[in-house]
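This briefing is meant to be read beside the sequence and the coordinates.

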Amino acid sequence: MRLDKFLTSSGCCSRTEAKRAVRAGAVLVNGAVPKSSDVAIDPEADRIVFQGKHIVYRKYVYIMLNKPEGYVSATEDGRDKTVLDLLPSEAIRPGLFPCGRLDKNTLGLMLITDDGDLAHKLLAPKSHVSKTYRFRSKFPMSRADAVRFEGGVTLEDGYVTLPAKIELDDDCLGGYITLTEGKYHQIKRMLEALDNKITYLERITFGNLVLDNSLERGEWRYLTEEEIAGLRADRK
């Protein structure tokens, strides 16, 4: 692996910043300053230090994205831009994909990774990983609506949803919804079963992972070690 690719995939810096750091002597490979940022390294055997910090090689990448409207949750699409189009080229690596789906016009927390085993276990129905959404509805929701919603509602195809949690704002036109399953357009369809309609939907949690409020729409960052550990705990 090239040194600059290793540094960018580890979340240290961009490729341009890696070149600058090498020229400034801020990068060490096994205690020596490399001649250039594109030298070949063994990420598992070589010791890489960036600006005084030992960088540990990660087999997998975990990215938090604040998804904006208009992007589809896919690796590629013939008509629309995908969530991967929001990442710079240096962050892209083979096998990267969105973990789960958000509708094209749904906003918020998206996990992007190349760890297929973790993604499979997080998304497996038996895992019951919770997901919380901020929502707004076209019509006010009554207390009776909330009770029906929390008990599980029958969708148009006859499927009965699992019990969910809903917290209403004072105006009853929005609030927070927490699900432990992820059927196609589930929240939209659940409100339609109550003769209502979603007008705004934003995911703010996925298991132990919480959307970073410092990320603007379309911005991203690598997960911290603590966040990764939390996701792994969710899959058990």
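Directly after helix H4 comes Gly 152, a residue with a positive phi near 100 degrees. Here and throughout, the description concerns a predicted model, in which the protein averages a pLDDT of 92 and 99% of the residues score at least 70.

- Helix H4 covers residues 143-151, and its buried residues are Asp 145, Ala 146 and Phe 149.
- When the helix is viewed down its axis, the buried residues of H4 fall within an arc of 100 degrees, so they line one face of the helix.
- On the face turned away from that buried side, H4 carries the exposed residues Arg 143, Val 147 and Gly 151.
- The packing partners of the buried residues of H4 are strand E8 (165-168), strand E9 and helix H5 (186-193).

**Strand E7 and its pairing**

- Strand E7 spans residues 131-137, and because 5 of its 7 residues are buried, the strand is largely enclosed by the rest of the structure.
- With strand E9 (residues 174-179), E7 forms an antiparallel pairing over 6 bridges, and within this pairing Tyr 133 has Ile 177 of E9 as its bridge partner.
- With strand E10 (residues 198-206), E7 also pairs in the antiparallel sense, here over 7 bridges, and Arg 134 has Glu 202 of E10 as its bridge partner.

**Confidence by element**

- Among the elements of the protein, E7 has the highest mean pLDDT, at 98, whereas helix H1 (residues 3-9) has the lowest, at 86.

**The protein as a whole**

- The protein contains 6 helices and 12 strands, and its C-alpha atoms fill a box of roughly 70 × 35 × 35 Å when taken along the principal axes.
- Of the 236 residues in the protein, 45% are buried.
- Among contacts with a separation of 6 or more, 65% are accounted for by residues 24 or more positions apart.
- The accessible surface of the protein comes to about 12500 Å², and 48% of this surface belongs to carbon and sulfur atoms.

Terms used
Residues are numbered from 1 along each chain as its sequence is written. This is a predicted model: local features need pLDDT of at least 70, side-chain atom pairs count only at pLDDT 80 or more; totals for chains, interfaces and linings use all residues. Side-chain values use heavy atoms; hydrogens and water are left out. Buried means under 20% relative accessible area, exposed over 50%, partly exposed in between (1.4 Å probe, protein chains only). Helices (H or I, at least four residues) and strands (E, at least two) are DSSP runs, numbered from the N terminus. Two strands pair if DSSP finds at least two bridges between them. The arc is that of the directions from the helix axis to the C-beta atoms. Contact means heavy atoms within 4.5 Å. pLDDT is the predictor's confidence in each residue, from 0 to 100. Accessible areas come from the Shrake-Rupley method with a 1.4 Å probe; for residues, only the protein chains shown count as cover.
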